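Colleague: Please show me the model. Then I have some questions.

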Amino acid sequence: MLDAGIFTQSFMIHAWIGGTIVAILSAFIGFFVVIRGSSFAAHALPQAGFAGGAGAVLLNINPLCGLAAFAVGGALLIGYLGDKERNDVITALTLVATLGAGALFLGLTNKYATGAYALLFGQIVGVSSDQVVATAFIGIVCLLCLAFLYRPLLLASVSREIAEARGVPVRLLEICFLVVVGLATAIIVPVVGALLCFSLLIGPNATSVYLTSSPGKAMALSLLISLVTVWISIVLAYISGWPIGFFVSMTGALLYACARAVHYFRVKNIRLKAGIIQC
Amino acid sequence: MIRFLNLLFAPGFFQNTQVMNALLLGGVVAAISGVVGVFVVIRGQSFVGHAIADFGGAGAAIAVLMGINTLWGFLGFGVLSAAVVELMGDRAREHDLATGIVLSVALGVESLFLYLDTHFTGQAGAPMMILFGSIFLIKPSTVSIVVALTAATTVIIITIYRPLLLCSIDPDLARTRGVPVRIVSLLFIVLLSFVVAEGSFIIGALLSTALLIGPAAAAIRITHKLGLAMLYSAVLGTLAVWIGIVLAYDSFLWPPVRRGWPVSFFVCALILLFYLLTRLREKLPGSGIMMVRRVT
């Protein structure tokens, strides 16, 4: 049922390379997003990026520049305005501020903004060869930043107090992390779309958290899940012609539901065994 | 004076029934959003509020495909998803993830149906309409439905005002007093989804959060009395929508494309401006709030 074109056509090769890079990157970033409980920021930044992409389409420049500028700008705004207790309000305000600008850009674009809608829903054919190079470059930069931040960020995510007591600049660290997320979304958005970027970021990690408790194993598992999700989605999107974001979210949610079911039965089993021993 | 007014309100502003409908609807919805928004902010449910709007967007996309009023799509999916999120996660952290996963399913469905809309109904503007709103295109028959819905929401809010306030501020105290916290939360989230659906209907699924959170966040920074904060928040929201409509009407002659700037943009920009002004006011030395903060 599959024709060979799925592996040989040049735009599909770009899609495979771009998708794989994006899957690897989002698995690692998603790990921190999940343990820090910052799903909302992970949802807001891609949409901020989308507004920038729409602006780039209006000005007729490379969408990647607009995406990166707005996503990183949004991250800095959340970091700058955010205080500890009302972070979600700040995130919501940043989201609507950038999206309001996005509405303006879309409204001002004279032609039907196909490019902008591709950014919203994702398009596998949308990755050009230049973009593959840019994606690989930004991906590697993000991974290096993450490796550099890894230990202090893990500490600050698990216990803010201990990190502060040890003299880790927690706030600066948080802003740096948000900037890395912003930069990463700039390359994830063209592949899976602004609306669903978020589901690739949290889906695999939310799933692996239910299956294992050690951080190393969880990361490896979510890397695997993320790759499988993206690959399946690329194949399905190629066959059906539907937006790839739909398949990413459905695969992610299905795996999450399975993991929760497995977790539920495991806990039930343990309880049963404990009950028998007590008797 | 008349020349100035003419400059402010472009000719034909007050004769246009669509503009009048927009003013009425915008005012009503902004006011109720402002009141409910204060509860949302003190309960820390901004993410849920935003998520409900996106679920509603999926419903609206399906409604366009089926050729029915998008308001029903927003409402149906909004209420359904709100109940699911409320029942799925109990603890705060799980709540975040549960909301996230359900949200990503909704967004997936939304993007699929928006894609199908543009391909099968020939309405290329459907995504723009659902995601970014179309306050001037609302049918007069829908106006009365929205007003009735808002009235019902207001009545329920007034009825459960005291227990809801107690649950929002201190759930443990409410539980010891015998308030059914679970039921009140469930009821509140259903009301929230009504309000969000109306907001999405007028300024778009992606931007309804602006009406919900923006004025409330600003109002809470102005006063610490919650009742007063709700009043301020309703006033700020209404002002933002009305000024936004006036500006959007004026902007039909603005460059670069002479067909008007989107209302949603003006509303978002004004709300952000209000919020930043309240923050600025707090930073000024000698401002009342600063002193109150120091005393407490």
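Modeller: Gln9(A) sits in the loop between α1 (5-8) and α2 of chain A. Helices here are DSSP runs (H or I, at least four residues), numbered from the N terminus. The model is predicted: local features need pLDDT of at least 70, side-chain atom pairs count only at pLDDT 80 or more, and totals for chains, interfaces and linings use all residues. Residues are numbered from 1 along each chain as its sequence is written, while chains are lettered from A and ligands numbered from 1 in the order in which they are written.

Colleague: Is Gln9(A) buried, exposed or in between?

Modeller: Count the other C-beta atoms within 10 Å, placed from the backbone: 20 or more is buried, 12 or fewer is exposed, and in between is partly exposed. Gln9(A) has 14, so Gln9(A) is partly exposed.

Colleague: How do α2(A) and α7(A) lie to each other?

Modeller: Axes are lines fitted to C-alpha atoms over the stretch in contact, and angles run from 0 to 180 degrees between N-to-C directions. Helix α2 (residues 10-36) and helix α7 (residues 129-158) of chain A pack at about 20 degrees, their axes 10 Å apart. Angles under 35 degrees count as roughly parallel, over 145 as roughly antiparallel, 65 to 115 as roughly perpendicular and the rest as oblique. Therefore α2(A) and α7(A) are roughly parallel.

Colleague: And how does α3(A) lie to α4(A)?

Modeller: α3(A) and helix α4 (residues 63-81) of chain A pack at an angle of about 140 degrees. Their axes are 7 Å apart. That angle makes α3(A) and α4(A) oblique.

Colleague: Which helix gives the most to the side of chain A that touches chain B?

Modeller: Residues are in contact if their C-beta atoms, placed from the backbone, lie within 7 Å. Chain A and chain B bring 40 residues each. Several helices of chain A each supply at least two, including α3 (39-59) and α12 (244-278). With 14 residues, the most comes from α5(A).

Colleague: Which residues does Leu93(A) touch?

Modeller: Leave out residues up to four places away in sequence. Leu93(A) then touches Ile213(B), Gly214(B), Ala217(B), Leu272(B) and Tyr275(B).

Key: Contact = placed C-beta atoms within 7 Å.
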